[in-house]
Amino acid sequence: MDGERVYAYYPGCSLHATAKEYDLSARAVCSALGVELREVPDWNCCGASSAHARDHLLGVALAARNLALVEEMGMREVAVPCAACYNRLAVAGRELQDDGSLAAEVREMLGRPLEGSAKARALLDVVVRDVGAERIRDAVKRPLEGLKVACYYGCLLVRPPRALGTEERVEDPQSLDELVRALGGEPVEWPHKTECCGAGLSLARTDVVRTLSANILKMARDCGAGCVVCACPLCMTNLDMRQAESLKAAGEDFSMPVLYFTELMGLAMGLPGAGRWLKMHFVDASAVTCREGAAARQEEPC
Amino acid sequence: MGDAISAQSAPSSGEVRIGGRPAEPGFARQVEALSGQKLSACYQCGECTAGCPVAFAMDLMPNQVTRVALAGMSGEVLGSRSIWLCVGCNTCVTRCPRLVDLPRVMDSLRQIAARRGIRCPEPAVRAFHDTFLQGLERGGRLHELALVAAFKLRTGRLLQDVPAGAAMMAKGKLAVLPGTVKGREEVRRLFEECRRRPAEDDGHGR
Amino acid sequence: MARVGVFVCWCGSNIARTVDVQRVAEAARRIPGVVFSTDYKYMCSEPGQTMVRDAIREHRLDRVVVASCSPRLHEPTFQRCIAEAGLNPYLVEMANIREHCSWVHQDREAATEKAIDLVRMAVAKARRDFPLFRNEIPITKRALVIGGGVAGIQAALDIADAGYPVTLVERTPSIGGRMAQYDKTFPTLDCAACILTPKMVDCASHPNITILTYAEVEEVSGFVGNFTVRIRRRARGVDMEKCTGCGVCYSKCPVKVPNEFEEGMGERRAIYVPFPQAVPNVPVIDRQHCRLNNGLKCGVCQKLCPTGAIAYDQEDEVITGQFGAIVVATGFKMWDHSQIGEYGYGGIPDVISGLQFERLMNASGPTEGKIVRPSDHRPPKTVVFVACVGSRSENHGHEYCSKVCCMYTAKHALLLKEKYPDTQAYVFYMDIRANGKGYEEFVRRTIEEYGAHYIRGRVSRIYRHGDRVVVKGADTLLGRPVEIDADLVVLATAMEPQDDAKELARRLGISTDQHNWFSEAHPKLKPVEVLSSGIYLAGACQYPKDIPDTVAQASGAASKVAGLFSKPHLLSEPMIASVREEDCVACGQCVRVCPFSAIELVDVNGKNGASRRAARVNEGLCHGCGTCVAGCRGSCIDLRGFTNAQVLSEIDALALA
């Protein structure tokens, strides 16, 4: 557990734009924990859900190019903050491993060597499993003092379990919950940990997303949560940017702050700039910052 | 031996008519080859339907998609909303007792529908995918502002999310200029390669 | 000089379609040693066998080759046939030109040539056959029944009634098994205990039956008619001679632990009987939880016992017995639904298994027969039954159907509605498997008379919301997802073999399938036997089954045992290994490699009266596998009926053709 940990880093398209705060907080938190992230040079879009809907080979090839780039860096593991990108890279990687003829074809298309040695890791997994709760707890300066958190994993961090080779309990994952506990917060027991937010239908069928997001937010509230924590830019968009319209359409009148887990970590670790990240949200998350340890209340305003 | 067996086979054409309309012979096989899944493995238990988050908005239920495809009712399944509303959340495949990869089947149906030029009943969803991939082919990475703008133009939904967009820009979350990808040529080539290669449903079924 | 007769079978068109059998018969005539050769449509039929016998007499044949199907099928048939004609039965050889030829080839020319070669080899072997004789093996006419559920009880009663002594070994403190846990049985709705306990009492009072409870089989050796079994009778801590079954001890024991008989829904004491009608009605001290045994102060039961029957220092008793036949009736367990994440990983108190619901319904159960929610003890207004939980699912490790769940789910729904007509009962099902006598009618009653709502579709997710349980299922007939807010959910979980089934199979030397169900000798024609003689199967340990099938199978196993015991002795299998003692140097290699521990080194008389050692084969244990023959460095052990010379002659016949 000593010494620096180095990973390739694949931010994905959203983290440079609509999920900027995820990128900022992820880098800040990793730096503070002694985890070095080296961005994959010249990475391309993983293709998300659109590529494999158009053409299976295209979906694999787009993801595979990034894996090839990671191998070129001489790295074995690439940390991926966005759950959807992680899922694409991991599933494509698995398919390439299982199907030799597919791998040969993709290698030929890419015109790059591709050994299959690079492995995609969800950033959440890197933080909780590799860094570990102990070290995180040690780094906490402003414990969350019993803040009740609904840990929202979404679909793609744990499904499909066989392809991802996940160690998590697929229907009741625990890594975010462990993390929240290490930060001093209290993860609530709630049944919608992995219920879909509506994902890529955000623009095309916003009505569907509104229904699904409202269900998630209502359940989080019903189970006593004060905020929701997540690990995916699309989940964040649906639950945060679309929260007001979703709850209104459902006839509800409450607000539930939604944060990236790295933002929550940044707050608890007392990292400078944490407040700035939260200002990039649509739903006011100041209620969360005010929960930090009274003793540690410093310059960060409520 | 007894009666001689005739060299000619019996005269019936074997046409199957469902609801009065002929089924498409070979369709099920095409879907199976493309998706690598055995449609007959599905015993129609409905667990996929029971857990699907968007089933409430679908016309064909997830289990019906498999059944209709297996029955050769190509027109009905390729023209359904369901295949476009599927978000790929993987709930169905995780819980399916027969381990049928329904998301793969959905992908295959989308691919066949697009290839056959079937009119899509969810044009905004199609537009989203097409816009996304167009931007990706051109630039190697997704430029969200461009995606949203192009999507609006395609769908005519000019006023959708304008306040949100403005707010995003104010918060510094929408990059005005796209990032450059030196490898975007490579990405473009991948698109071209895939267009060039023969359709996978000639028996390779990956 | 041998006089070989060759009989080539058409087997209808099974052989004749691919092999030119007439040509084979013709070619056989020219094989050295053959004095008669013919072909016929069905050699195994009555006219076919008559043909063989007539030919033996007419042509003074002393060896016979039948070219037809696999010896596994008809070798015994033709052995009997030639014995009737006065020949030693071991002078017939089968050339398998069906499974090894016509059924696996399509080229008629090549297949016919191959068939001729096979006949040639068989003739070469037959010429070196010599008469073999079977020895008498004594039979210990005492049966061992492992497992005291309804299968074991029935088998024991039938064997005992046939006049033979039976020892019934049961692992738990009482016989009765699963059936004792049930409330009522479908389709008659007889009370399970009411129909079972008379049989349990019959067992206890039958002069031919010895019941050993709280006991397990530790080691089995020997062979049919002569098994030696070591049984460990665990220490009850109670003297069975002195105990009157008054029950004072367990009414006052201070320790409470979850009760296995109640499937964890209720409690028992550290000293306990599993249920009120236990046989024997003698409690057992659970030493793991007994305070005194753990060094704490107690001794309450001993103080209160009016007959001084408590014996804290009692030790396990190891009994070694001789048995002629063993009936395995060890039953099944329910799959643990904590493994199914989408239904809550077993953590939702109001989601229970079918067997747990059975205990709730039972009047002597943990709630005295009142159906209440485990979480808050309130009666449920809406109960959802979920069928096929874990069964028929590659995803959950059981592709098979557990057979009884459709019926007991219907029973549960019916009994629930009978007790509480205002409660809503929903059943999510995939298919309804109601194929026993009266079963279909029973399910119709449940739906039409008692008003249970049957919904065709599986359940994808069950979760808790507040104090209710949400069930997300589907109705595929309506083509819609269906969600129900329920108070109580009952899961019909898969049946599985006992956890130690594989270990018991190892001890007995029998095989299991990939799920650890015990393997029968033939699924269609030998459902109560296993491949090893003398061991029989009864009940669900072989495969999920309901009570009528279990009882029928148990009686079937008992009849096999009675049939075995009705013989004066067994005849040994003569195609076994034998040692040329004069050449054996007692290196011990054969002893080491024998998989059946059938060879030992014994003292033999050497030359000039000196004593020396040599290997000797136990004719009863030897299975004739030939491993020792392959391992013997001095070639002084040979397999009767498959001698080295015979095998080499077959190879020569093929090579020189």
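Me: Among contacts in chain C between residues at least 6 apart in sequence, what percentage joins residues at least 24 apart?

Reply: This is a predicted model, in which local features need pLDDT of at least 70 and side-chain atom pairs count only at pLDDT 80 or more, whereas totals for chains, interfaces and linings use all residues. Residues are numbered from 1 along each chain as its sequence is written, chains are lettered from A and ligands numbered from 1 in the order in which they are written, and side-chain values use heavy atoms, with hydrogens and water left out. With contact taken to mean heavy atoms within 4.5 Å, the part of these chain C contacts that joins residues at least 24 apart is 69%.

Me: What percentage of the 657 residues in chain C is buried?

Reply: The secondary structure of chain C comes to 17 helices and 34 strands, where helices (H or I, at least four residues) and strands (E, at least two) are DSSP runs numbered from the N terminus. The C-alpha trace of chain C spans about 90 × 70 × 40 Å along its principal axes. A residue is called buried under 20% relative accessible area, exposed over 50% and partly exposed in between, using a 1.4 Å probe and protein chains only. On that scale, the buried part of the 657 residues in chain C is 54%.

Me: How many salt bridges does the rule find across the interface of chain A and chain C?

Reply: At this interface, 11 residues of chain A are in contact with 9 residues of chain C. The buried area, meaning the accessible area (1.4 Å probe) that two parts lose on being put together, summed over both, is about 840 Å² here, with 46% of it on carbon and sulfur atoms. A salt bridge is a side-chain nitrogen of Lys or Arg within 4 Å of a carboxyl oxygen of Asp or Glu, and C:R461 with A:E195 is such a pair, at 3.3 Å from N to O. Across the interface of chain A and chain C, the number of salt bridges is 2.

Me: How many residues apart in sequence are the parts that the pair of B:R116 and B:E24 ties together?

Reply: The side chains of B:R116 and B:E24 meet in a salt bridge at 2.9 Å, N to O. Because B:R116 lies in the loop between helix 7 (102–115) and helix 8 of chain B, while B:E24 lies in the loop between strand 2 (21–22) and helix 1 (27–35), the number of residues in sequence between the parts tied together is 92.

Me: Within what arc do the buried residues of helix 11 of chain B fall?

Reply: Helix 11 of chain B covers residues 184–196, and its 13 residues reach 18 Å from the first C-alpha to the last, close to the 18 Å expected at 1.5 Å a residue, the expected span being 1.5 Å times one less than the number of residues. The buried residues of helix 11 are B:E186, B:V187, B:L190, B:F191, B:E193 and B:C194. Seen down the axis of helix 11, these residues line one face of the helix, because they fall within an arc of 160 degrees. That arc is taken over the directions from the helix axis to the C-beta atoms, and for the buried residues of helix 11 its value is 160 degrees.

Me: Which exposed residues does the face of helix 11 of chain B turned away from its buried side carry?

Reply: On the buried side, the cover of helix 11 of chain B includes helix 3 (56–72) and helix 5 (100–110) of chain A, together with helix 8 (123–139) of chain B. B:E186, one of the buried residues, is also linked with A:D42, A:R65, A:E72 and A:R112 in a network of salt bridges. On the face turned away, the exposed residues are B:R195 and B:R196.
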